[in-house]
Amino acid sequence: MKTVIVGGVAGGMSAATRLRRLDEVAEIVVFERGPYVSYANCGLPYYVGGVIRDRSSLLLQTPQSLASRFRLDVRTGHEVIGIDPAARTVSVLDLADGELMTESYDRLILAVGASAREAAGHPGIPTHTLRTVEDVDAIGVLVDAAADNPSALVVGGGFIGLEAVENLVHRGIHVTLIQRGEQILTPLDPEMVAPLEAQLRSHGVDVRTSVTIDSVEAGRVLLDDGTSLRPDFIIDASGVVPSVDLAQVAGLRLGPTGGIAVDADNRTSDPGIFAVGDGVEKVDALSGEPALVTMAGLANRHGRSVADVIVGRDERNTPALGTAIVKVFDTVAAKVGWSERQLVATGRAHRAIHTHPASHATYYPGAQTMSVKLLVDPGSDAILGAQIVGGEGVDKRIDVIAVAMAGRITASGLARLELAYAPQFGSAKDPVNQLGYVADNLRTGATRAIQWHELDAAVAAGATLVDVRTPREHAAGSIPGAVNIPVDDLRERLGELPDAPLVVHCQVGQRGHTAARILAQHGRDVVNLDGGYRTWAAGATTTVRRSVAA
């Protein structure tokens, strides 16, 4: 059997090497339009920033090394421009000499991925995307050639855009970041993005949301907020779109997201053609509906799965959780599952939990605070999603929650996970366990909570807000209208509180829970402000910024 693979990076090369390990005699041909195969595209921004110094370390394999170890026929500089499913052939253009050839196949794997959105022409200003080795080489030339006080404009505040910003700053370039939407990193909810924006601004990045390019004239960029810039170059990180031209030429079915539709075997609407990678629809783990999830891990996994299917193994894709992580200077942001914004948009019932634990035992030097948000189905206690922003330890906790979701462990069940503990690595009550405790208290009714964005309505309806922190904490920053009664004084000062609904809060929610338990057992109608003052302040900051922009 002869397998032809179109695309030689993540999914395509995983399929090729796995297929060879499973079938020593199969004929395997890989066509790659670019000059490189099997390169670490996720590391490209860090080469721009000088964090990764050796360019060759990003080039994991070459056609020669793949031929030697795996006996693969890898042809770079060859673009597949057509597919004839009936004849089971592909038309291939040799980009070096313009020769057009035809290659037959028994099985065809499309692994062409996604492409950066077409970068608009900007007269007088070099503009590049950040997807390929060639992109990085071109940007490197611009960085090296930049004059004194160089500046760059980055369009798009997603994962790639943020990585580009950080690495350009590392190279001494002043960066303006513009984002079409109301916030950067839209997979996260607004109160979770606030620390990330603060980190960018602290490093001199000019962050502008709800802003787009209006026009470019004579090297000057005019923005639709009425301001203008003169950047030395522009990096367009405004997103990617599925590469589906070949699929359309072959008459393959596209799904509702615009990606290539495949079944659980990654088989397209033509039984002889498979597709993997960023251009292919996945199944969303929460909704069961088609979704575009552009993650390198999924591309590699599905490439491996296709090889198993081709040799007759019983292998199926699992639904995608969309687990992702990014580091911007000293701040790490990670997510899994759905955001609250997605849940609200679909009308799905949910409960939000915010905590602000330390990365490890606070008495051991170096502990760092993280902000955690867990989203829970109030009926089934299922975990719907999570977001974590902080420093050390974020990666470990998001991975534990991702595994819990895959294993269908409930939110309350997180309390019962036995996780590794030593003071320099965690706490006796790990942040993941703490989420479980809070979830269980809410599930059983041991406490009731209100969200930061619900507070104004509660106060307007007659609730009294009680700050149970110390007077010193209250003086350092407080929610307008809050009455300050420290939790340790609460039992003796019950008479100072009106006979009305109460909302209690502390700094992060823990003392608020204690205060709520005290008041509830004295017959008071009380709810705890979830996540405390810290969560409210992050949400309020984002809200103020939105209103100013509007």
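What is the volume of the second largest pocket?

1. Basis. This is a predicted model, in which local features need pLDDT of at least 70 and side-chain atom pairs count only at pLDDT 80 or more, while totals for chains, interfaces and linings use all residues. Residues are numbered from 1 along each chain as its sequence is written, and side-chain values use heavy atoms, with hydrogens and water left out.

2. Pocket volume. The second largest pocket has a volume of about 670 Å³. A pocket here is an open set of points on a 1 Å grid over the protein atoms alone, where a 1.4 Å probe fits, with protein on both sides within 12 Å along at least five of seven lines. Points are joined across faces, edges and corners, and the volume is the space filled by probe spheres set on them.

3. Pocket lining. The lining has 28 residues, each with an atom within 4 Å of a point. Thr355, Gln434, Val438, Gly509 and Gln510 lie nearest the centre. Strand S23 (351-355), helix H11 (431-444) and helix H14 (510-520) each give two or more residues. H11 gives the largest share, six residues. By class, the lining has 15 polar, nine nonpolar and four charged residues. Asp, Glu, Lys and Arg count as charged; Ala, Val, Leu, Ile, Met, Phe, Trp, Tyr, Cys and Pro as nonpolar; the others, Gly among them, as polar.

4. Whole chain. The protein chain has 15 helices and 30 strands. These are DSSP runs, numbered from the N terminus: helices are H or I with at least four residues, strands E with at least two. The C-alpha atoms fill a box of roughly 90 × 60 × 40 Å along the principal axes. Of the 550 residues, 51% count as buried, meaning under 20% relative accessible area (1.4 Å probe, protein chains only).

5. Open sheet. Five strands form an open sheet in the order S9-S16-S10-S11-S12, with parallel pairing. Strands pair if DSSP finds at least two bridges between them. S9 (127-128) and S12 (206-209) are the edge strands, each pairing on one side only. S10 (residues 151-155) and S16 (residues 233-236) run parallel, joined by four bridges. Val155 has Asp236 in S16 as its bridge partner.

6. Thr89. This residue is in strand S5 (residues 89-94). Thr89 is buried, with a relative accessible area of 17%. Leaving aside neighbours within four places in sequence, its contacts (heavy atoms within 4.5 Å) include Gly82, Asp84 and Tyr105. The C-alpha atoms of Thr89 and Tyr105 are separated by 5.8 Å, with the two 16 residues apart along the chain.

Key
Buried means under 20% relative accessible area, exposed over 50%, partly exposed in between (1.4 Å probe, protein chains only).
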